[in-house]
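The topics are grouped below the structure.

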Amino acid sequence: MKIFKTLMIASLFFVVFSCGTKQVKEDVSGVGVISLEQLKEKIAVSSGKIKIINFWATWCKPCIEEMPYFESVASDFGEQVELHFVSLDIIEDLSNVEGLVRKRNITANTLLLNETKYDEFMPKINQEWTGAIPATLFVDEKGNEYFYEKSFSEKELSDLITGLL
């Protein structure tokens, strides 16, 4: 009984202290949670590469279908490209995002945007964003941004990145 009480107290202690953290953490599945401010900083900071930020959700079939194309093209371009998948699922669905990443063997940096006020944050990513997904932001080495609300084929992605280099 004493061991049970000790385990219960330790578990409660862990829950209390882990719930209060606001720091962005990466989960074991490789899915991190990111704020809008952190995402905007990631977009703004120059990496000397073409940045690709693909916005998707677990319930968006065209989003999921194009993910392998992004990974393949990013692999083809190697060090010239930096790929980020940003999920628009709600934070309560983080386990769904993690499960999809594992199931689909997604290796690119995958983040969940911890933001629910879509009408407020979407224009901060791009003024023309109507809310449709998949949506992708490309940032060239000079910081120029190109935003698309559409699905891409592998060839379209390859051609677009070639044109940005």
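A salt bridge here is a side-chain nitrogen of Lys or Arg within 4 Å of a carboxyl oxygen of Asp or Glu. By that criterion, a search of the whole structure gives four salt bridges. The model is predicted.

**Salt bridges**

- Lys-49 and Glu-79 form a salt bridge, with 3.4 Å between the closest N and O atoms. Lys-49 sits in the loop between helix H2 (36-44) and strand E2 (50-56), and Glu-79 in the loop between H3 and strand E3 (81-87), so the pair ties together parts that are 30 residues apart in sequence.
- Lys-49 is partly exposed at 24% relative accessibility, whereas Glu-79 is exposed at 64%.
- Lys-61 and Glu-65 are joined by a salt bridge at 3.9 Å, N to O. The two residues are four apart in helix H3, which means a separation of about one helical turn.
- Lys-61 is exposed, at 58% relative accessible area, and Glu-65 is partly exposed, at 45%.
- Glu-156 pairs with Lys-150 in a salt bridge, the closest N and O atoms lying 3.0 Å apart. Glu-156 is partly exposed at 36%, and Lys-150 is partly exposed at 30%.

**Packing of H3 and H6**

- Helix H3 (residues 61-77) packs with helix H6 (residues 154-164) at an angle of about 40 degrees, and their axes are 9 Å apart. H3 is therefore oblique to H6.
- The H3 and H6 crossing is right-handed.
- On the H3 side, Tyr-69, Phe-70, Ser-72, Val-73 and Phe-77 meet Glu-154, Leu-157, Ser-158, Ile-161 and Thr-162 of H6. The residues of this contact comprise six nonpolar, three polar and one charged.

Note on methods
Residues are numbered from 1 along each chain as its sequence is written. This is a predicted model: local features need pLDDT of at least 70, side-chain atom pairs count only at pLDDT 80 or more; totals for chains, interfaces and linings use all residues. Side-chain values use heavy atoms; hydrogens and water are left out. Axes are lines fitted to C-alpha atoms, for helices over the stretch in contact, and angles run from 0 to 180 degrees between N-to-C directions. Angles under 35 degrees count as roughly parallel, over 145 as roughly antiparallel, 65 to 115 as roughly perpendicular and the rest as oblique. A crossing is left-handed if the near helix is turned anticlockwise from the far one by less than a right angle, and right-handed if clockwise. Contact means heavy atoms within 4.5 Å. Ala, Val, Leu, Ile, Met, Phe, Trp, Tyr, Cys and Pro count as nonpolar, Asp, Glu, Lys and Arg as charged, and the others, Gly among them, as polar. Buried means under 20% relative accessible area, exposed over 50%, partly exposed in between (1.4 Å probe, protein chains only).
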